Amino acid sequence: MSEIQFLNVDLELESKQDISALVADLKKNAVVLHYDQDEYRQLARIEASAEVTSPDKAINHLCELIESCSKSALKQWLGCSKRTFDIGFSCGEQPKCYSQALHVDTLLRISAIGAGMEITLYPVEK
């Protein structure tokens with residue numbers, strides 16, 4: 001039987017402006033899973049490179065990286081139309097109930113930097 005488990009948190013960014021300074025700053029202490037641009041927008045998906053065992057720890061680590069960015073990178077952050085922490089879970093058949101909490105301070109931190117949250121559930125692969 002497969003177990004439900006926390007996988008990771010991806011920071012998803014989308015902007016009509018250049019976000020290369022922001023991506024470069026985050027790349028120093030995170031993994032850039034995807035960075036793409038066309039004539040309409042720039043997209044990036046970034047994951048914490050630190051060993052993270054919970055959504056709370058992963059989000060706080062990524063918040064730390066954002067808060068320590070250069071002034072030009074922070075300006076690009078504020079210009080993003082999408083700044084979302086996407087929490088990923090692998091679905092499974094057990095345990096019967098599975099939960100992961102975000103501390104109130106983490107929620108305040110997410111709000112303070114102007115980010116949102118979403119949850120992605122990945123199906124069990126047979």
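This is a predicted model: local features need pLDDT of at least 70, side-chain atom pairs count only at pLDDT 80 or more; totals for chains, interfaces and linings use all residues.
Student: Is Ser90 buried or exposed?
Tutor: The relative accessibility of Ser90 comes out at 17%. The cut-off for buried is under 20%, so Ser90 counts as buried.

Student: Which residues does Ser90 touch, leaving out those up to four places away in sequence?
Tutor: With those sequence neighbours set aside, Ser90 still has several partners. They are Glu3, Ile4, Gln5, Leu7 and Tyr122.

Student: Ser90 also lines the largest pocket. Which elements give two or more residues to that lining?
Tutor: The pocket holds about 150 Å³ of space. Its lining includes Ile87, Phe89 and Ser90, along with Met117, Ile119 and Leu121. The elements giving two or more residues are strand 4 (82–90) and strand 5 (116–122).

Student: How many residues of that lining are charged?
Tutor: Sort the lining by residue type and you get 9 nonpolar and 2 polar. That leaves the charged group, and the count there is no charged residues.

Student: Over to the helices: at what angle do helix 1 and helix 3 pack?
Tutor: Helix 1 covers residues 20–27 and helix 3 covers residues 71–79. Their axes are 7 Å apart, and the angle is about 115°.

Student: And which residues of helix 3 make that contact?
Tutor: Helix 1 brings Ser20, Ala21, Leu22 and Asp25. From helix 3 come Ser72, Ala73, Gln76 and Trp77.

Key
Residues are numbered from 1 along each chain as its sequence is written. Side-chain values use heavy atoms; hydrogens and water are left out. Axes are lines fitted to C-alpha atoms, for helices over the stretch in contact, and angles run from 0 to 180 degrees between N-to-C directions. Helices (H or I, at least four residues) and strands (E, at least two) are DSSP runs, numbered from the N terminus. Contact means heavy atoms within 4.5 Å. On a 1 Å grid over the protein atoms alone, a cavity is a set of points where a 1.4 Å probe fits but cannot get out, and a pocket is an open set with protein on both sides within 12 Å along at least five of seven lines; lining residues have an atom within 4 Å of a point. Grid points are joined across faces, edges and corners, and a volume is the space filled by probe spheres set on the points. Ala, Val, Leu, Ile, Met, Phe, Trp, Tyr, Cys and Pro count as nonpolar, Asp, Glu, Lys and Arg as charged, and the others, Gly among them, as polar. Buried means under 20% relative accessible area, exposed over 50%, partly exposed in between (1.4 Å probe, protein chains only).
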